[in-house]
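Colleague: I would like to learn how to read a few features in a structure, taking them one at a time. Could we begin with the general idea and then turn to the case at hand?

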Amino acid sequence: MSYDYNESTALIIGMTDTDEKVTAAGGRISTQEGTALSIWDKSQDKEKNERLIGKVTASGHNSTVEHTYFNLAFQNVTAFAEQFIIEFRLASFTVKSRRYVDFSSAGFYVPDFGDEKITDEYTRHMEKMFALYGELCNAGIAREDARFVLPYCLYSNFFCSVNGREFLHMLSAMLYGRGAKFPELKRLGEQLLRQAEEKAPGIMADFEKRNNNGKNDLPDLSFIDVEPEHSDKQVELLYAAPDAAKAVARNALISYKNYSSKQIENILSDSEIVGKIVSEVINSRRQRPLECVNYTLRFNNVSLSCITHFTRHRIQSIELPELTKTDRLKFIIPPVLCENPELLEKYKNAFYETDAEYKRLKALGIPEELLVYYQLSGNTLDIVTTMNARQLLLFMKLRACNRAQWEIREYAVEALSLLRKAEPSLFAFYGPSCFIGACPEGRLSCGKAAEIKEQFKAL
């Protein structure tokens with residue numbers, strides 16, 4: 001099949017090679033006699049499968065839909081669309097990195113303003129931002145820092161693999177939920193819907209009827225009318241599980257030793273034993289006892305670029321403000337630019353000019369869903385996330401590492417400092433990979449493992 005490589009599109013490029021058969025078999029196995037394979041043999045008729053899946057999903061039993069998998073390619077969609085889509089956590093994503101790839105000629109999306117003059121002004125402004133990005137790169141500024149001036153209309157490309165149930169959630173949000181008011185998201189959702197109806201008619205049966213119920217997928221908090229204030233703290237620990245190290249040790253002793261609760265309390269009265277158990281759990285391949293304790297962290301003034309690093313951690317509950325809420329005068333400044341006053345001035349002016357254009361067009365009545373592209377990757381938002389201790393272990397191994405992007409590394413180290421103060425007996429074991437065990441980076445290693453270990457011992 002030939003494709004138009006310039007088209008802005010969402011395409012189903014692959015699907016479970018058994019089509020909807022496993023989903024249909026899953027719908028039968030819980031209520032019918034027979035073995036798994038005998039029921040599989042009964043699930044080969046396409047039309048019968050479609051009818052069965054329609055009945056099962058209509059009754060709200062959607063877990064069987066998870067057996068059908070979709071592989072999606074998003075070509076030349078905006079960074080705004082990328083941010084919306086990668087929030088669906090029960091999916092796998094691989095995105096073209098703006099840390100490493102030159103985006104000078106990536107191109108950008110132009111909304112339908114219905115006004116030729118405004119379209120020309122928009123195009124000139126975005127071309128100016130891309131030109132500044134190129135100027136920064138040519139001046140020796142690393143791409144991971146130059147990218148902060150890239151506007152959120154830039155074209156992104158990525159792959160997504162998702163089970164049928166999460167795929168339905170994604171389509172629902174794009175077509176009937178919080179994404180429906182944005183023309184780009186709705187168009188992409190419609191493209192995927194047409195393809196899915198052809199490829200998986202049973203799963204998509206009555207999709208519109210099941211979703212077009214007028215129910216908002218965001219809470220209405222308009223009854224609270226207070227001007228927001230912004231914290232000067234980089235990271236805030238909003239919730240910490242009490243006695244976390246003991247909780248982890250207790251779960252490990254129940255799971256692996258089957259001791260009574262009375263025995264466990266006697267054992268855990270020795271803090272040294274607690275530490276040894278926690279260390280053993282962290283250094284094992286099965287770290288499930290860490291999942292019993294949760295922490296809620298607020299990260300303030302996170303750049304839009306850095307937010308994408310946070311969202312790649314799938315096992316968390318993360319809340320991101322709508323990108324229509326961005327204050328375009330709040331932005332990150334890479335430290336390297338402070339060494340070059342001329343470039344720093346141009347960098348700052350990019351944000352001031354983008355904010356001015358946004359406000360001018362908003363005053364003309366241009367809707368927010370079209371103006372959302374008038375923000376740069378260095379603009380910032382506050383985010384909140386809840387992770388269990390197992391996911392935090394992975395987060396710190398990756399994000400506190402010297403190879404991590406410098407902004408998210410700062411957030412990770414500050415978060416770890418707060419967590420150690422709250423629960424030193426657990427988080428004393430946390431840090432980058434080389435602190436916990438060995439560096440996995442090979443020839444890309446920073447070569448400072450001994451130094452890093454000492455740094456994190458003293459954190």
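Modeller: A polar contact is a pair of N or O atoms within 3.5 Å, where, within protein, one must be able to donate a hydrogen and the other to accept it, and residues adjacent in sequence count only if both atoms are side-chain atoms. This is a predicted model, in which local features need pLDDT of at least 70, side-chain atom pairs count only at pLDDT 80 or more, and totals for chains, interfaces and linings use all residues. Residues are numbered from 1 along each chain as its sequence is written, and side-chain values use heavy atoms, with hydrogens and water left out.

Colleague: Which backbone nitrogen does a side-chain oxygen of Asp45 reach at the start of H3?

Modeller: Helices (H or I, at least four residues) and strands (E, at least two) are DSSP runs, numbered from the N terminus. At the start of H3, that oxygen of Asp45 comes to within 3.1 Å of the backbone nitrogen of Glu47. Helix H3 covers residues 46-58, and Gly60, with a positive phi near 90°, follows H3.

Colleague: Which residues of H3 are buried?

Modeller: Buried means under 20% relative accessible area, exposed over 50%, and partly exposed in between (1.4 Å probe, protein chains only). In H3, the buried residues are Asn49, Leu52, Ile53, Gly54, Val56 and Thr57.

Colleague: Is Gln83 buried or exposed?

Modeller: Gln83, which is found in helix H4 (residues 79-85), is buried because its relative accessible area is 4%. Contact means heavy atoms within 4.5 Å, and, not counting residues up to four places away in sequence, Gln83 touches residues including Tyr152, Leu304 and Leu323.

Notes:
The expected span of a helix is 1.5 Å times one less than its number of residues.
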